[in-house]
Amino acid sequence: MRGRVTLGDSGITVHHKDAKIVLDPSQPVDCDFTFVSHAHVDHLHRRGKKKSNIKTRVLASKETALIAEARGYQIADPAEEHNGFMLIDSGHILGSRGLLIGGNDVYYTGDLSIRERAFMKPAKMPYAKTLIIESTFGRPEYVFQPLSEVTHKTNRIISEMYDLGIPVILMGYTLGKAQLLTKLFGHWDPVYIYDSVAKMNSVYSELGVQLKSAVTHSEAKERGLLSKTRPWIMVAPLMSARSAFVKEMKDRYGAVTIGFTGWAAGSRYKYMTGLDYVMPLSDHCDYKELVTAVKQCRPEKVYTFHGFAAEFAKALREMGFDAEPVGNGRGKKRTEEKTLSLDSFQ
């Protein structure tokens, strides 16, 4: 039987031998296996009443299942291993995994990072004949500074603000980035944590990641701890300067904002968000790391997905790889289904 990869409205599907495997679907799908790579909400879905009769075996890490539950999503009876499948740490956030199918037939990365960041270890790429790799930052301009440079610059800004008595808001995605910020800058005092971030920090702590215990944003407000006369730090979700939260922090306390994201490597990001400072800290690979990951995998065929998929596939072809994008390369919904041959399948 010849294998294939298909892309529809629900996401990427791998047909391997007699099994249908759906990768990070956006809605419940009737299939043999559903793989959930991690617990960011764009990789999760809720099972509606009309979909309750759908049968599938879910592959996901226990960390992903616990974090998803804390976010209001239920992953029913997840398995971390099954004959013919191997879950491999993808280095993205706590519990994130890639899926190796059929020994070394196909490897799906999910979201990927091969860079060490505080408690996050870099992903190790397995050998696979066919690689399906994310390409969020798949353009050459997206190359990130070393983490040591980011932390040094940030600590210098915080120090300067503390000397002036000005509080600082450190902003990153609620799940993943915010926990890194808590770990990397927890040596400052006092540190307050936005309530939704505190919830995720608590789950991380339950799963063995030691993070500084801190008063939540709401409790600090109630107790009058958010002073305009002495400095403090708060770890909060990533928001623009136009958000009600940032406006309040600036109007009432004169706070300075620092946003952390890989998109900060782009020249326009700071001006689009209106934040005071932005730092290129990402839980994804940058362009050079994506190329390194592909080379480490040594695939015969590469499919790119998400972000700059078309651009990254083109760059890989120029390097001699047989590469093409899955979908339109911008993460938009597609109404048609695209079928791609996988010659490595037997």
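Reader: Where is the place of Tyr 108?
Author: Tyr 108 sits in strand β9, residues 106–108. A caution before we go on: this is a predicted model.

Reader: Is Tyr 108 buried or exposed?
Author: Tyr 108 is buried, because its relative accessible area is 2% and buried means under 20%.

Reader: What is Tyr 108 in contact with, neighbours within four places aside?
Author: Its partners include Ile 12, Leu 23, Asp 24 and Phe 35. Gly 98, Leu 99, Ile 132 and Phe 305 are also among them.

Reader: How far is Tyr 108 from Leu 131 in space?
Author: They are 6.2 Å apart, C-alpha to C-alpha. In sequence, 23 residues separate Tyr 108 and Leu 131.

Reader: And Tyr 107, where is that found?
Author: Tyr 107 is found in strand β9. Tyr 107 is buried, with a relative accessible area of 0%.

Reader: Which residues is Tyr 107 in contact with?
Author: Leaving aside neighbours within four places in sequence, the list includes Ile 88, Gly 98, Leu 99, Leu 100 and Met 125. Pro 126, Ala 128, Thr 130, Leu 131 and Ile 132 are on it too.

Reader: What separates the C-alpha atoms of Tyr 107 and Phe 85?
Author: A distance of 9.8 Å, for residues 22 apart along the chain.

Reader: Let's switch to helices. At what angle do α3 and α4 pack?
Author: About 75°, with the axes 9 Å apart. Helix α3 covers residues 177–184 and helix α4 residues 195–206. That angle makes α3 roughly perpendicular to α4.

Reader: Which residues make the contact?
Author: From α3, Ala 178, Gln 179 and Thr 182. From α4, Val 197, Met 200, Asn 201 and Tyr 204.

Reader: How many are nonpolar, polar or charged?
Author: Four are nonpolar, three are polar and none is charged.

Reader: New topic. Which residues of α9 are buried?
Author: In α9, residues 309–318, they are Ala 309, Phe 312, Ala 313, Ala 315 and Leu 316.

Reader: Where do the buried residues fall, seen down the axis of α9?
Author: They fall within an arc of 160°, so they line one face of the helix.

Reader: What do the buried residues of α9 pack against?
Author: Two of the partners are β10 (130–134) and α8 (287–297). The others are β17 (301–305) and β18 (323–325). Just after α9, Gly 320 takes a positive phi of about 105°.

Reader: What phi does Asp 77 have?
Author: A positive one, about 45°, although Asp 77 is not a glycine. Most residues other than glycine have a negative phi. Asp 77 lies in the loop between α1 (62–70) and β6 (81–82). Asp 77 counts as exposed, at 67% relative accessibility.

Reader: What about phi of Arg 298?
Author: Phi of Arg 298 is near 55°, again a positive value in a residue other than glycine. Arg 298 is in the loop between α8 and β17. At 53% relative accessibility, Arg 298 counts as exposed.

Reader: Where is Ser 61 found?
Author: Ser 61 is in the loop between β5 (57–59) and α1. Ser 61 is buried, with a relative accessible area of 1%. Neighbours within four places aside, Ser 61 is in contact with Glu 80, Leu 87, Gly 95 and Arg 97.

Reader: Last thing. What pLDDT does the protein average?
Author: The average is 90, and 91% of the residues score at least 70. Over residues 328–346, however, the pLDDT is below 50. That stretch has 54 contacts in the model beyond near neighbours in sequence. Where pLDDT is low, the predicted coordinates should not be read in detail.

Notes:
Residues are numbered from 1 along each chain as its sequence is written. This is a predicted model: local features need pLDDT of at least 70, side-chain atom pairs count only at pLDDT 80 or more; totals for chains, interfaces and linings use all residues. Side-chain values use heavy atoms; hydrogens and water are left out. Axes are lines fitted to C-alpha atoms, for helices over the stretch in contact, and angles run from 0 to 180 degrees between N-to-C directions. Helices (H or I, at least four residues) and strands (E, at least two) are DSSP runs, numbered from the N terminus. Angles under 35 degrees count as roughly parallel, over 145 as roughly antiparallel, 65 to 115 as roughly perpendicular and the rest as oblique. Contact means heavy atoms within 4.5 Å. Ala, Val, Leu, Ile, Met, Phe, Trp, Tyr, Cys and Pro count as nonpolar, Asp, Glu, Lys and Arg as charged, and the others, Gly among them, as polar. Buried means under 20% relative accessible area, exposed over 50%, partly exposed in between (1.4 Å probe, protein chains only). The arc is that of the directions from the helix axis to the C-beta atoms. pLDDT is the predictor's confidence in each residue, from 0 to 100.
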